[in-house]
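Try each task before reading its solution.

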Amino acid sequence: MSNFFEKSDLTRNEAENIISDTLKKCDDGELYLENSKSENILLDDNKIKKSSYNSDLGFGFRAVSGEVVAYSHSNEISKNSLKQSSESLKSTLKSANSSYNHSIPKSNKKYYENINPIEKKTLKSKIDVLNKVNDYLRKKDNNVQQVTANFSGEQKSIEIIRSGGETLTDVRPLIRFNVSVMLEKNGRKESGVYGIGGRQSYDDYLINDNWKNVCDEALRIASVNLESKPAPAGEMKVVLGPGWPAILIHEAIGHGLEGDFNRKKTSAFHNLMGQKVASEGVTIVDDGTLDNRRGSLTIDDEGTPTEKTVLIENGILKNFMQDRLNARLMKTRSTGSGRRENYRHIVLPRMRNTMMLNGKQTQDEMIKSVDKGIFAVSFGGGQVDITSGKFVFNCTEAYEITEGKIGSPIKGATLIGDGPSILKEVSMVGNDMMLDPGIGTCGKAGQGVPVGVAQPSILINKMTVGGTNL
Amino acid sequence: MVKDQEYLEKKASYCLDYAKKLGATDTIVNVGNSISETVNFRNKKLDESNRSDNLGIDITTFVGKKKSSISSSNLLRENLNILIEKCVETTKNTPEDEFNSLPDKDLLAKEVKDLNLYDDSHIENDNKVEYLSRLETAASNDKKIINTESSFVEDKSNFILANSDGFCKGFKTSSFVASSVAVAKDDRSMERDYEYTVKCHLKDIKNAEELGKKAAEYSLRKLSPKKIGSEKIAIIFDKRIAKGILSTFASAISASSISRGTSFLKNKINQKIFQETINIFDKPDISKGQGSRSFDSEGVRTDTLKLVEQGILKHYLLDTYNGRKLNLKSNGRCGGTSNLYFENGKINYKDLLNSNSKCLYITETIGHGSNIVTGDYSVGATGFLVENGEFKYPINEITIAGNFKDMFQNITLANDLEFDYSTNSPTIMIEGMVVAGK
């Protein structure tokens, strides 16, 4: 655990006094302290191209009154700096006179270990694995033109000090291992990417030459794409594979169920609570309690313990994801979904691990039922326009389906759909739910936070496929 | 106040000295400070204030041909010592790369040109509130506007870039940004759109009322959109997204993509990749330009480059490392382009709209659908159907797709270029793309 006051002219006691004094007429607020260490080691073009290390330290001071948030952050943890921040908050909230200060629930549960993944493995051993990855892939297939592989690791220590001196802490490890390979055959180039990650040490993932599986998967995707033909254009049936394709759920539904957009009534879902928003059999949860997962959190960035929040149960909209501010204004409770990228940013309600739960059908039944459509196995990124509800995501591995059979692979295409109606178009839910491999980063208001997704195979009756083949 | 040149220079030179003492043969240090103050409004009321004070240092050390780097926001000497020790130690344990080195001395910038990038004006938060209040009043005129969110950001930055070959330069920049998002609603739909202004000098930012009105107007015109059928159709890109096509072009000619062989424009130098009416410039010395600079992020002098001349690709964007791999000298583009733009076309905006009896006018795209390796492009889009030069109705939930190799050959430019951002394009039309809809 970091001692944030160790090398500062500011004592904990003085900080507590400034916090209590600044927040005394406010509804909420806290001092958020953060110390993070991260590394990135990159192999590219046959060489170790980058080995970098970052150490970041700072605080963010927040005061909330009514709907107004005042925020100030700095890298200097000093008496002067905290006082300056305090002045800045007070000048925004000149007329504040409120006192919500709902207490923070307590929990002793932890969902990851207090480790520093960077220090648990030597630089040399990481470089060795990256070199092995490069040799392995280039030997395995003569068409390999380029290999990029990297390790990134982080340890983030946070401390939250509330008015009155209440203190909450967390130490969060996070790692990621990624391999990207480019093939060239008969003048055509295609690439494949695969990665794994979570709140663990590298060794937990890389035992028994596990890295080979990551390489094999990246190579397999690239090889499939080398044979791909132009994707069709127009509305058709879409079968989504299990696991990572659940970013459809994240984009189409997840963002629209975040508390802030619903309080502001800018989400297409804001007036649909308790109503049927999905086909029967569709249940979606946002779960921060899965051990060592990328989107898991012991406590959120306001100190609220994480939980498993049911968003949609058997087709009915049950809950939004809330931080303290939006929960208070919507007269409900925080779901432990208050997150921020780091101390430079204010807290927003965000997703953790968003999952569609199992149904009864098999993937086989879905494919067989499709006369003309596509089978989408893997995706790049996605994006949503919360207000119109339209969302997109990009296929990185997909196949055409003709008369109930999987056919040729098709080139990467964007799929577009309408969030509020897409889940009503889900006509089969599979029994093969899978978590993604631990690679997701969600962007919102310029802040990126690690997230997870999961789903079984699903059949969507109608979606627009953005190919070039009319 | 942001930290002054003297403070930053002192930090930089301390790091250079300490790294040398520990055995670094070369070192690069970039140290900077930025302070920004933001006020956000929502529905004509104060929503958020945010003061941000950011310090940062990046240090890269070389031991012969070995290289490694560290970065931190903690500039206390004790912390810097620990980090530099770690950096030099890591460098020694990192494999050699023959292309690692500082830039050639004779390419380094000799002077920092006065490009008018800093305005000392400070606008108090109360005045930001007053600006936003006028903006949102103007934006909320129509009762179909159900939500407005606006923000005003004032930012002042300063930095020093120094290396062990004696380079030590930096400059202050300022930026004033006002933006507005309006949500409009009718019986059938809810839509949002935006408008913003970003300038180095306070007095140059757009008028508050004008900004608010535009955001509202853009959202209102998108209400009750239709979906159209799948077809091949001419597509017109509004200026604000046309510049994205230039950004894709820039990533495809970056020396790193070229040297790694992962760009569809590899080996296209001196070849015709656009029609001969097309010229593309990257001009770093525009007064008050959003992307203006005297040197790149390695200290290499930046001159104007005519990247595309009469449709022919003339330059890659070169940094020292990737330049060496390609056997070319850096042209001062480490960190990317400066002020990148298409030279104006010959035809005016009205005539461009009229050039096809039916076309699609795109105002926004979503998704990350540009593949630099293959040139394939497929994104979600929002816009309008245009018939005989007139906007007929809004379009939503469609995708547009093509391949940049073909798209580049089919670009027609209007003559309405303005220098509002660091990358700027006139309105453009691309024929032969495919729309997927119903």
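Two strands pair if DSSP finds at least two bridges between them. Keep in mind that this model is predicted.

**Exercise 1. Find how strand β2 of chain A meets chain B.**

Solution. 
- Start with the whole interface. 66 residues of chain A are in contact with 59 residues of chain B.
- Ask which element gives the largest share on the chain A side. Strand β2 (residues 47–65) of chain A does, with ten residues.
- Sort that side by class. Chain A brings 19 nonpolar, 30 polar and 17 charged residues to it.
- Now count bridges. Four of them link β2(A) with strand β3 (residues 66–72) of chain B, and the two run parallel.
- Pick out one position. Opposite A:Y53 stands B:I70 of β3(B).

**Exercise 2. Describe how domain 1 and domain 2 of chain B are placed.**

Solution. 
- The domain assignment gives 5–220 for domain 1 and 231–436 for domain 2.
- Take the centres over C-alpha atoms. They are 25 Å apart.
- Look at the contacts. Here 21 residues of domain 1 meet 19 residues of domain 2.
- Class the domain 1 side. It holds twelve nonpolar, five polar and four charged residues.

**Exercise 3. Check the span of helix α4 (residues 208–220) of chain B, then find what covers its buried residues.**

Solution. 
- Compare lengths. The 13 residues reach 19 Å from first C-alpha to last, close to the 18 Å expected at 1.5 Å a residue.
- List buried residues. Among them are B:L211, B:A215 and B:Y218.
- Find the cover. In chain B it includes α3 (125–139), β4 (145–163), β6 (172–185) and β7 (190–199).

Note on methods. Residues numbered from 1 in each chain as written. Chains lettered and ligands numbered in written order. Predicted model: local features only at pLDDT ≥ 70, side-chain atom pairs only at ≥ 80, totals over all residues. Domains from an automatic or database assignment. Contact = placed C-beta atoms within 7 Å. Nonpolar A, V, L, I, M, F, W, Y, C, P; charged D, E, K, R; others polar. Helix = DSSP H or I, 4+ residues; strand = E, 2+ residues; numbered from the N terminus. Expected span 1.5 Å × (residues − 1). Buried ≥ 20, exposed ≤ 12 C-beta atoms within 10 Å, placed from the backbone.
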